[in-house]
Amino acid sequence: MNTLSILVLDDNDDVRDEIVEFLELTGYTAVGLRCASEALKAIEKSPPDILILDLRMPDMDGMQVLEKLKAMNVHLDIIMASGYVDQEMESKAKELGATAVLHKPLAVEAIIAAIQKTPSYKRKS
């Protein structure tokens, strides 16, 4: 299986670092960023297979990131993660291209299950 590249965008350093460490231990190539604008530049330059995206961040919220990615016509699988998701927000995220919406606190089983449901995982396995 080819290694999936995963970008974790979360402004909470502890959460982001734990997810990246877990993904690397699981065999994925993972990078973490805390700033949405920095992540958009990185994605434009070299898109990962999967983006794990926090909803609430100081410089730009996850919905705005989804809208910008859609406008950039970038093809990647997006897993939204937040402790503040309601049904309407979840539907909107999926309309904008999110493959899955996970509720924080994140369980490692939920992260793996969401990754395994993405088209990128299915293509590379």
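Predicted model: local features only at pLDDT ≥ 70, side-chain atom pairs only at ≥ 80, totals over all residues.
Asn 73 belongs to the loop that runs between helix H3 (62–72) and strand S4 (77–82). The phi angle of Asn 73 is near 60°, a positive value in a residue other than glycine. As background, most residues other than glycine have a negative phi, and most peptide bonds are trans.

Pro 105 is placed in the loop between strand S5 (98–103) and H5.

## Overall fold and dimensions

The protein chain contains six helices and five strands. In sequence order, these elements give the pattern β-α-β-α-β-α-β-α-β-α-α.

How does the radius of gyration of the protein chain agree with that of a compact globule? For 125 residues, a compact globule would have a value near 14 Å, and the protein chain has 13 Å, so the two agree. Along the principal axes, the C-alpha atoms occupy a box of roughly 35 × 30 × 25 Å. Of the 125 residues in the protein chain, 44% are buried.

## The largest pocket

Rolling a probe the size of a water molecule over the atoms shows where empty space is left. The largest pocket holds about 160 Å³ of space. Two elements give two or more residues each to its lining, namely helix H1 (13–25) and helix H5 (108–116). H1 supplies the largest share, four residues.

Which residues line the largest pocket? They are Val 15, Glu 18, Ile 19, Phe 22, Lys 104, Pro 105, Leu 106, Val 108 and Ile 111. By class, the lining has seven nonpolar and two charged residues, and no polar residue.

## Aromatic rings and charge

How many aromatic pairs does the structure hold? The number is zero.

## Buried positions in a strand and in loops

Is Ser 82 buried or exposed? Ser 82, in strand S4, has a relative accessible area of 0% and is therefore buried, the cut-off being under 20%. The C-alpha atoms of Ser 82 and Asp 13 lie 15 Å apart in space, while the two residues are 69 residues apart in sequence.

Two loop residues are also assigned as buried. Leu 55 is located in the loop between strand S3 (50–54) and H3, and its relative accessible area of 4% explains why Leu 55 counts as buried. From Leu 55 to Leu 33, 22 residues apart in sequence, the C-alpha distance is 14 Å. Pro 48 sits in the loop between helix H2 (36–45) and S3. With a relative accessible area of 10%, Pro 48 is likewise buried. A C-alpha separation of 9.1 Å is found between Pro 48 and His 75, which are 27 residues apart along the chain.

What is the relative accessible area of Gln 116? The value is 36%, so Gln 116 is partly exposed. Between the C-alpha atoms of Gln 116 and Lys 94 there are 17 Å, for a spacing of 22 residues along the chain.

Technical notes
Residues numbered from 1 in each chain as written. Heavy atoms only, no water. 1 Å grid on protein atoms, 1.4 Å probe; cavity = no way out; pocket = protein on both sides within 12 Å on 5 of 7 lines; lining within 4 Å. Points joined across faces, edges and corners; volume = space filled by probe spheres on them. Nonpolar A, V, L, I, M, F, W, Y, C, P; charged D, E, K, R; others polar. Phe/Tyr/Trp six-rings, centres within 6.5 Å; stacked < 30°, edge-to-face > 60°. Rg over C-alpha atoms; globule rule 2.2 N^0.38 Å. Buried < 20%, exposed > 50% of the residue type's maximum accessible area, 1.4 Å probe, protein only.
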